[in-house]
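User: I'm new to this one, and I'd like to learn how to read it. Could you walk me through a few features?

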Amino acid sequence: MIPIESIDHINLTVRDVDRSAEFYTGVFGLTIREDRREADRPYVIVGRPDVGDLALHQQTGAIREDERRRPGGPIRRDRINHWGFVVSDFDRLRAALEEAGVEVLYRDNGADGLVEYPRSRSLYVADPDGNEIELTSVFGGGLG
């Protein structure tokens, strides 16, 4: 069993990141915690420290299913992109996943699925229906 400490974030696919960021900051009073609108794949993270975040990733055009196939079908990208859980023992995480027979995604990134962010580390898995889950070492990606 993998002990979960908290829900960390929800990653949403949106059509207009400016409109979505304005909605979540204006209606719910969330603050912009990271702004990458200038990136090739624009996104904004809004939230509240120690409460949780929404990662708003812009995707224009048709919403698609991910081409990467996995047992059980494709990874869905048309609603919630993924959600994140903070896990209490990240260093033992890969062994616990293997014991449970859970496939680690993105093993082709050169680090056997481990994604290193500036202030945190993550592994990604999928549930039986193809819903992607991020398992992270630090709440809020260490954004403070």
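Predicted model: local features only at pLDDT ≥ 70, side-chain atom pairs only at ≥ 80, totals over all residues.

User: How many salt bridges does the structure hold?

Analyst: Side chains of opposite charge can pair when their charged atoms come close. The cut-off is a side-chain nitrogen of Lys or Arg within 4 Å of a carboxyl oxygen of Asp or Glu. The structure holds eight. In one of them, Asp18 pairs with Arg37, with the closest N and O atoms 2.7 Å apart. That pair links distant parts of the chain, 19 residues apart: Asp18 sits in helix H1, Arg37 in the loop between strands S2 and S3. Helices (H or I, at least four residues) and strands (E, at least two) are DSSP runs, numbered from the N terminus.

User: Is Ser120 buried or exposed?

Analyst: Buried means under 20% relative accessible area, exposed over 50%, partly exposed in between (1.4 Å probe, protein chains only). Ser120 has 6%, so it's buried. Beyond its neighbours within four places in sequence, Ser120 is in contact (heavy atoms within 4.5 Å) with residues including Val115 and Thr136.

User: Which residues make the nonpolar surface patch of about 310 Å²?

Analyst: Patch residues have over 30% relative accessible area and no salt bridge; like charges are joined within 9 Å, nonpolar side chains (Val, Leu, Ile, Met, Phe, Trp, Tyr) within 5 Å. Here they are Phe23, Val27 and Phe28. Val27 counts as exposed because its relative accessibility is 53%.

Technical notes. Residues numbered from 1 in each chain as written. Heavy atoms only, no water. Areas by Shrake-Rupley, 256 points an atom, 1.4 Å probe, with all protein chains shown as cover.
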